[in-house]
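Here are some notes to read alongside the model, written as numbered points. Take them one at a time, and keep the viewer open as you go.

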Amino acid sequence: MRGRSTSDRMLWALGTVVVVVYALVPVAWLVSLSLKPAEEITDGKFFPRDVTFDNYTGASGVFEDDQFRAAMINSIGIALIATLLAVTLATFAAYAIVRLDFPGKTIVLSGALAIAMFPPVSIIGPLFNMWRSFKLFDTWPGLIIPYMTFTLPLAIWTLSAFFREIPWDLDKAARVDGATPFQAFRRVIAPLAAPGIFTSAILVFIFAWNDFLFATALTSTDRARTVPAAIAFFTGSSQFDFPTGQIAAASVIVTIPIIVMVLIFQRRIVAGLTSGAVKG
Amino acid sequence: MTTTIPPQAAGQAPTRPRSGRAQSERKLGWMLCAPAVTVMLLVTAYPIGYAVWLSLQRYDLRFPDDRAFVGLDNYAAVVGNRLWWQDLTNTMIITVASVIVELILGFALAFVMHRAIFGRGPVRASILVPYGIITVVTAFAWRFAFDPTTGFINGLLGTEQSWFTESWSAYVVIIATEVWKTTPFMALLLLAGFTLVPDDLVKASRVDGAGTWQRLTKVIIPLMKPAILVALLFRTLDAVRIFDSVFVQTRGAQGTESLSILGYNTLITRLNLGLGSAVSVLVFVVVLIIAFLFVKGFGANLAQQRGER
């Protein structure tokens, strides 16, 4: 890079610090709120004086709360299944779009784009009514289906962008060298395609893990209610105190997986989010 | 969107395949796309059609026997009601304010990421945290921070503001939440745009005597215009459907009710499927108008931007 003066370096270092603080302060605030004992919750301080895990493991802590435990299981199950389905269907479609010549593939791509911009609130009414008659209301499939649908466009676009970069000719070369079609696929193509598939899986998972609108509109009990809805409707054990500490603790727990994913896969996530965005 | 095959794919089939092969390729292509397309049509196109159908009826789940076809009465009721226009205005205030702030902050953020020599990893990882974190959780974090009893913001600012009981301050918190959560996404899209700007061109303009501001407004921004427009379009359409943070922070009180909250309340809380569907369809129309304005008015070219070359 070009020569930089010390003051220039200091400026960029400062910028970096500002960005990191910007991103992490609200998270740190939730962590410290969740570690405060009940009497400190309202003291208006950022950090707790005495650290306690009561909000997690105490008698009224979130780990002891049946609602929250059920919501965790629902969230993990629903998000994983929706991810698996969306990525599988999107892989077929993206492969066809990149590798095969057929009329209508641009319609698939632009239709998917239109759906990406679709306001979910426009279909919660019909889905609510349909799900009640199909017995899908307040069930896992009742949420998996909309999540899969609304993430398909993202998955198809991301995967198409990744698949375009794969040197598919290697497959032929491997077969000339004596590999069976299956071997060529497993040893050559699959490893090349895996990172893109994995990246779109992360993005799809984040969407499903995050959703609140469908989760509140299409569920009513612990049977299928996911974490965002459970947190929003969390009343706590006492009717009189708003359960600030427990909500903070629950929030921290569901944020941990996201932070772990972000730390491990940051490069992939960025590539996935910006894929295709610059190929003018 | 162009229909040309990407160059790599074209390279693999140098000779035009015989029609038999072309036909089987076509069939396979449709077969592979069919499951995804079917799902997308069944879960979006069909319900929106169903919503239109419901919106033409008087249909309240609390009085299911009173169901009747009423034509456009529901639309007249919604559009004739002050609440619709109020909520449309509220949504636009939140959208415009947050998108503008995000654009400026996102640009700065992208610039830091583009030029940072060290700490690029930590910067990238930390800005992905707001992107990945659950919106409901974000909304609670900011609500607790501003809440006069639990929060630290009043102590920090030395004020006694009760943020959620006044309209302007409730908006400030909602917009701040929205901005914090989605600026990283904006920044990443803009960062991709920065790579559209050739370094040599910026250097050349510096040699020609352009100052930092001139380089930014005369060279960098015009070259990034496509990326900026796409980022704006994506974020605007996303902000128009704002639901989670308003729901958690005010439930629409203090004049902060958004269109999505209105739709949710009418459909799910009051169980009025007819009227609620009219709201849903109108929200859909609003989104279509915004997308149309961006594409026709500003010439945002999504196809060119998002992958298909």
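Predicted model: local features only at pLDDT ≥ 70, side-chain atom pairs only at ≥ 80, totals over all residues.

1. Sorted by class, the residues of the contact of H5(A) with H13(B) are five nonpolar and six polar, with no charged ones.

2. Each of these two helices has a loop beside it that deserves a look. Most residues other than glycine have a negative phi. A:Lys135, which is not a glycine, has a positive phi, near 60°. You will find A:Lys135 in the loop between H5 and helix H6 (140-164) of chain A. Is A:Lys135 buried or exposed? A residue with 12 or fewer C-beta neighbours within 10 Å is exposed; A:Lys135 has 10 inside that distance, so A:Lys135 counts as exposed.

3. The other loop is in chain B. B:Leu271 also is not a glycine, and its phi is positive, about 55°. B:Leu271 sits in the loop between helix H12 (259-269) and H13 of chain B. Because B:Leu271 has 17 C-beta neighbours inside 10 Å, it counts as partly exposed.

4. The axes of helix H4 of chain A (residues 105-116) and H2(B) come within 11 Å, crossing at roughly 30°. An angle under 35 degrees counts as roughly parallel, so H4(A) is roughly parallel to H2(B). The crossing in which H4(A) passes H2(B) is left-handed.

5. You can pick out the residues of this pair in the viewer. On the H4(A) side they are A:Lys105, A:Val108, A:Gly111, A:Ala112 and A:Ile115. They meet B:Gly29, B:Cys33, B:Val37, B:Met40 and B:Thr44 of H2(B). The contact of H4(A) with H2(B) has six nonpolar residues, three polar and one charged.

6. Next comes a pair within chain B. Helix H4 of chain B (residues 82-115) packs with helix H5 of chain B (residues 120-132) at an angle of about 150°, and their axes are 9 Å apart. How do the two run? Angles over 145 degrees count as roughly antiparallel, which means H4(B) is roughly antiparallel to H5(B). H4(B) and H5(B) make a left-handed crossing.

7. In that pair, B:Leu109, B:Val112 and B:Met113 of H4(B) meet B:Arg120, B:Val123, B:Arg124 and B:Ile127 of H5(B). By class, the contact of H4(B) with H5(B) holds five nonpolar residues, two charged and no polar.

8. What does chain B look like overall? Chain B has 14 helices and two strands. Of its 309 residues, 43% are buried. Among the contacts in chain B with a separation of 6 or more, 72% join residues 24 or more positions apart. After H9(B) comes B:Gly209, with a positive phi near 100°.

9. To finish, look at how chain A is divided. Its domain assignment gives domain 1 (1-52) and domain 2 (59-274). The centres of domain 1 of chain A and domain 2 of chain A, taken over C-alpha atoms, are 30 Å apart. Eight residues from domain 1 of chain A and seven residues from domain 2 of chain A make the contact. The side of domain 1 of chain A that touches domain 2 of chain A has six nonpolar, one polar and one charged residues.

Methods:
Residues numbered from 1 in each chain as written. Chains lettered and ligands numbered in written order. Axes fitted to C-alpha atoms, helices over the stretch in contact; angles between N-to-C directions. Helix = DSSP H or I, 4+ residues; strand = E, 2+ residues; numbered from the N terminus. Parallel < 35°, antiparallel > 145°, perpendicular 65-115°, else oblique. Left-handed = near helix turned anticlockwise from the far one by under 90°. Contact = placed C-beta atoms within 7 Å. Nonpolar A, V, L, I, M, F, W, Y, C, P; charged D, E, K, R; others polar. Domains from an automatic or database assignment. Buried ≥ 20, exposed ≤ 12 C-beta atoms within 10 Å, placed from the backbone.
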